[in-house]
Amino acid sequence: MQDSSTMLMTFGPLILMMIVFYFLLIRPQKKKQNEIQSMRNNIKIGDDVITIGGIMGKVLLVKEDYVVIESSATKTRLDVMKWGIGSLASTKAE
């Protein structure tokens, strides 16, 4: 009986730290990844996007795993993999 209580005292703090670690770090990151994946899956023609490399453009064509965007400044068309889209550009004037 004494051995099991000693094990609980030994591993209790470790288990508690793992639970706290999960709720403070892992769970929020997974939620953020799911939101980004949802945004990438819902991109449609006409959306203004910003790539992870910082290129801004308007979506001209949406395929299964990539999009064609036209850069705002030079009117250059680029094929960009969907995972390379960082965010939707805000169209609101601030």
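1. Buried means under 20% relative accessible area, exposed means over 50%, and partly exposed lies in between (1.4 Å probe, protein chains only). Aspartate 47, at 13% relative accessibility, therefore counts as buried. More on this residue follows in point 5.

2. Ground rules. This is a predicted model, in which local features need pLDDT of at least 70 and side-chain atom pairs count only at pLDDT 80 or more, while totals for chains, interfaces and linings use all residues. Residues are numbered from 1 along each chain as its sequence is written, and side-chain values use heavy atoms, with hydrogens and water left out.

3. The sheet. Five strands form an open sheet in the order β4-β3-β2-β1-β5, with antiparallel pairing. β4 (77-81) and β5 (85-88) are the edge strands; each has a single partner, so one side of each is left without a neighbour in the sheet. From one strand to the next, the twist averages 45 degrees. Helices (H or I, at least four residues) and strands (E, at least two) are DSSP runs, numbered from the N terminus. Two strands pair if DSSP finds at least two bridges between them. Axes are lines fitted to C-alpha atoms, for helices over the stretch in contact, and angles run from 0 to 180 degrees between N-to-C directions.

4. Strand β1. β1 is joined to β2 by three bridges, and the two run antiparallel. Aspartate 48 has lysine 58 as its bridge partner in β2. The hairpin of β1 and β2 has four residues between the strands, and glycine 54 in this hairpin takes a positive phi near 95 degrees. β1 also pairs with β5, in the antiparallel sense, over three bridges. There, threonine 51 stands opposite isoleucine 85.

5. Aspartate 47. Where does aspartate 47 lie? The residue is in the loop between α1 (2-41) and β1 (48-51). Its side chain reaches the backbone nitrogen of lysine 44 at 3.0 Å. A polar contact is a pair of N or O atoms within 3.5 Å; within protein, one must be able to donate a hydrogen and the other to accept it, and residues adjacent in sequence count only if both atoms are side-chain atoms. Not counting residues up to four places away in sequence, aspartate 47 touches Asn42, Gly57, Lys58, Val59 and Leu88. Contact means heavy atoms within 4.5 Å.

6. Strands β2, β3 and β4. β2 (residues 56-62) and β3 (residues 66-71) run antiparallel and are joined by five bridges. Glycine 57 stands opposite serine 71 in β3. Five bridges also join β3 to β4, again antiparallel. In β4, leucine 78 is the bridge partner of isoleucine 69.

7. Lysine 75. This residue is in the loop between β3 and β4. The hairpin of these strands has five residues between them. Lysine 75 has a positive phi of about 60 degrees although it is not a glycine. At 57% relative accessibility, lysine 75 counts as exposed.

8. Lysine 82. Is lysine 82 buried or exposed? Lysine 82 is buried, with a relative accessible area of 12%. Its place is in the loop between β4 and β5. The side chain of lysine 82 reaches the backbone oxygen of lysine 63 at 3.4 Å. Its contacts, not counting residues up to four places away in sequence, are Arg40, Val62, Lys63, Glu64, Asp65, Tyr66 and Val67. Lysine 82 and isoleucine 43 are 39 residues apart along the chain, and their C-alpha atoms are separated by 8.9 Å.

9. The aromatic pair. Rings of Phe, Tyr and Trp (its six-membered ring) pair if their centres lie within 6.5 Å; planes under 30 degrees apart count as stacked, over 60 as edge-to-face and the rest as tilted. By this rule there is one aromatic pair. The ring centres of tyrosine 22 and phenylalanine 23 are 5.1 Å apart and the planes stand at 80 degrees, so the pair is edge-to-face. Tyrosine 22 is partly exposed, with a relative accessible area of 37%. Phenylalanine 23 is partly exposed too, at 47%.

10. The record. UniProt, in an unreviewed entry, lists residues 6-25 as "transmembrane region". UniProt positions are given in the numbering used here, feature names are shortened, and annotations may be inferred rather than shown by experiment. In the model, residues 6-25 are 100% helix and 0% strand, and the end C-alpha atoms lie 29 Å apart.
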